Amino acid sequence: MALTARRPLVCCRRSPLLVTLLVGGLVAATAHADYKEAYKKALDAIAQKRWTEASSQLRLAIAERPEAAGVLGAGTLFRRYTPHYWLGVALAEQGQCKSALDVFDVAAKQGKLSKEEERDLAVRRQACQARMGQTSDAVTQAQREVEAAAAAAFQVAGVEGSPVMRGVWREGSPSFAARQQPATAQLASARALLGRSQTDLDPDKAAEAGRLAQQARRELESLLTDATARRDALAGQAQRGLADLHKTADEARKSVSFVTRSLAPLPEAIAKRCEKLEELLTGAAAADLGTPAPELQRIQDALRVALRDLRAAVKPPPDDLQRAAAAYLSGDYAATLSVLATAQFSEPRAMAHACLLKAAALHGLHAIQPALGEQNEQQAREELRRCVGLPSPVRPVADAFPPSFVALYDEVAAEPRPQG
C-alpha cells in the first residue's frame, strides 16, 4: 500500500531537461506538420486550378522547408515533395513566366522530380520561353506605335503653344482641344497597357496597346494637319496686321519727331497730341503675333486718328523751309544756305526758323572748314543777332542742333540790346 501511494509522486516529478526535450519535440513536430499541411493545401488548390492560393501555400511550405524530397508518407500525404516545381506550375498558369522559369531552374537543380514532372517542366519551360519571345516581339511593335503617337502629340503641343493659337484652341465644335484630349488620353492608356503587358508577359495586352496607340496617332496626326493649317493662316494674317501697324507707327513716330524738333517749344495743344501719340506708340511696340487681330486693328485705328489730329493741329512748314531743314539735318550746310537764299517767308514763325537754320548752317561750315577763317562764324553770329531780334524768335533745341551752336545762340541772346 505504501509503495502504491508513492507512485503518483514519483511520476509527477520531472526534470527540467526532460520538459525541455518534450516541448522542443512538440514544436518540431508542429512545424514539420505545418509545411506538409501547406503543401497538401497547395496541391488541392492546384487540382482545382486555384493558382493564386496554390502559390501562397507553396511559398509557405518552401519558407519552412525549401529542399525537395522523395515521397512523403506522413498522414494522408503520399506525394513527392517538389514545391518549387509546383510553384513554377502555378506561376506559369498565372502568366508570370519570368518567375516561373526561375523556380523551375531551382526545381531542376534540386532533383527529386518524377519522370512525368520532368517532362511537364520541360514543356512548360519551353512554352514560357516561347511566350516571352512572342511578348517581346509584340512589345517592340507596340513601343514603336506608342513612340510615333507620342511624337505626334509633341508636335500638336507645339502648335497649341503658338502665340496665334492662344485664343482659338478651344473655339469651334469640335474644338482643337476637344479633339486633343481623347487622343492624348488614349495614348496614356496605351502606355499603361504596354507596361502591364511587359509585367505579365502578355502579348495580347501588348497588341492591344499597339492598337490604341495607332488610333491615337492617327487622330493626333489629323489634328496636327488641321491645326497647322489654321496656325499658318492666322500667322500670315497676324504678320500682315503687324506690318501695317508698324508702318503706321513709323509714320506717327516721324511726325512726332519732326513736330517736336521743328516747333519747340511746343504749344500746349500740340504737346498734348504728341503725348497721346507717344502713349499709343508704346502700345504698338508691345504688340506681337499673339495679339488678337481685333486688338491690332484697334491700336492701328487709334494711331491713325491721333496722327490726323496732330497733323490738323500743326500747319505744315513751307516747302522751302522743309527742304532747308532736311539739308541741314543731313549735314549739307551749303545746300541749306542755297535753299534759304532764294526763299521768302511771311509767317513770323517760319521766318524765325529760317533765320535759325541759316545761322546754324554758317556755324556748321565754320566747324568743318576752320581754315577759311572766322568769316562764317562771324556771319553766324550776325545772323543770330537778327534771329534774336525777330518778333517771334525760337531757341535751338539740343536734339536738333550741336551744343556749340546752342551755346553761341545763348551768348548772342545775352548780349545787351540797343534801345529802341
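How many salt bridges does the structure hold? I looked this up before anything else. The structure holds 23 salt bridges. I keep in mind that this is a predicted model. The background idea is simple: side chains of opposite charge can pair when their charged atoms come close.

**Entry: helix H8**

I picked glutamate 208. Its salt-bridge partner is arginine 211. The closest N and O atoms of this pair are 2.4 Å apart. Both residues belong to helix H8, which covers residues 203–262. They sit three residues apart, about one turn of the helix. Next I checked accessibility. Glutamate 208 has 29% relative accessibility, so I noted it as partly exposed. Arginine 211 has a relative accessible area of 37%, so it is partly exposed.

**Entry: helix H10**

I moved on to glutamate 295. It forms a salt bridge with arginine 298. Here the closest N and O atoms are 2.8 Å apart. Helix H10, residues 293–313, carries both of them, three residues apart, about one turn of the helix. Glutamate 295 is partly exposed, at a relative accessible area of 29%. For arginine 298 I wrote down 47% relative accessibility; the cut-off for exposed is over 50%, so arginine 298 counts as partly exposed.

**Entry: helix H11**

Which residue forms a salt bridge with aspartate 320? I found arginine 323, with the closest N and O atoms 2.0 Å apart. Both lie in helix H11, residues 319–329. The spacing is three residues, about one turn of the helix. Aspartate 320 has a relative accessible area of 24%; buried would need under 20%, so aspartate 320 is partly exposed. Arginine 323, at 47% relative accessibility, is partly exposed.

**Entry: H14 against H15**

Then I turned to helix packing. Two packed helices are described by the angle between their axes and the distance between the axes. Helix H14 spans residues 375–388, and helix H15 spans residues 403–413. They pack at an angle of about 55°, with their axes 9 Å apart. Therefore I call H14 and H15 oblique to each other. H14 passes H15 in a right-handed crossing.

I listed the contact residues. H14 contributes Glu377, Ala380, Arg381, Leu384, Arg385 and Val388. H15 contributes Phe405, Leu408, Tyr409, Glu411, Val412 and Ala413. I sorted the contact by type: eight residues are nonpolar, none polar and four charged.

**Entry: a network**

Which residues are linked with Arg381 in a network of salt bridges? I noted Glu382, Arg385, Glu411 and Glu415.

Definitions and conventions
Residues numbered from 1 in each chain as written. Predicted model: local features only at pLDDT ≥ 70, side-chain atom pairs only at ≥ 80, totals over all residues. Heavy atoms only, no water. Axes fitted to C-alpha atoms, helices over the stretch in contact; angles between N-to-C directions. Helix = DSSP H or I, 4+ residues; strand = E, 2+ residues; numbered from the N terminus. Parallel < 35°, antiparallel > 145°, perpendicular 65-115°, else oblique. Left-handed = near helix turned anticlockwise from the far one by under 90°. Contact = heavy atoms within 4.5 Å. Nonpolar A, V, L, I, M, F, W, Y, C, P; charged D, E, K, R; others polar. Salt bridge = Lys/Arg side-chain N within 4 Å of Asp/Glu carboxyl O. Buried < 20%, exposed > 50% of the residue type's maximum accessible area, 1.4 Å probe, protein only.
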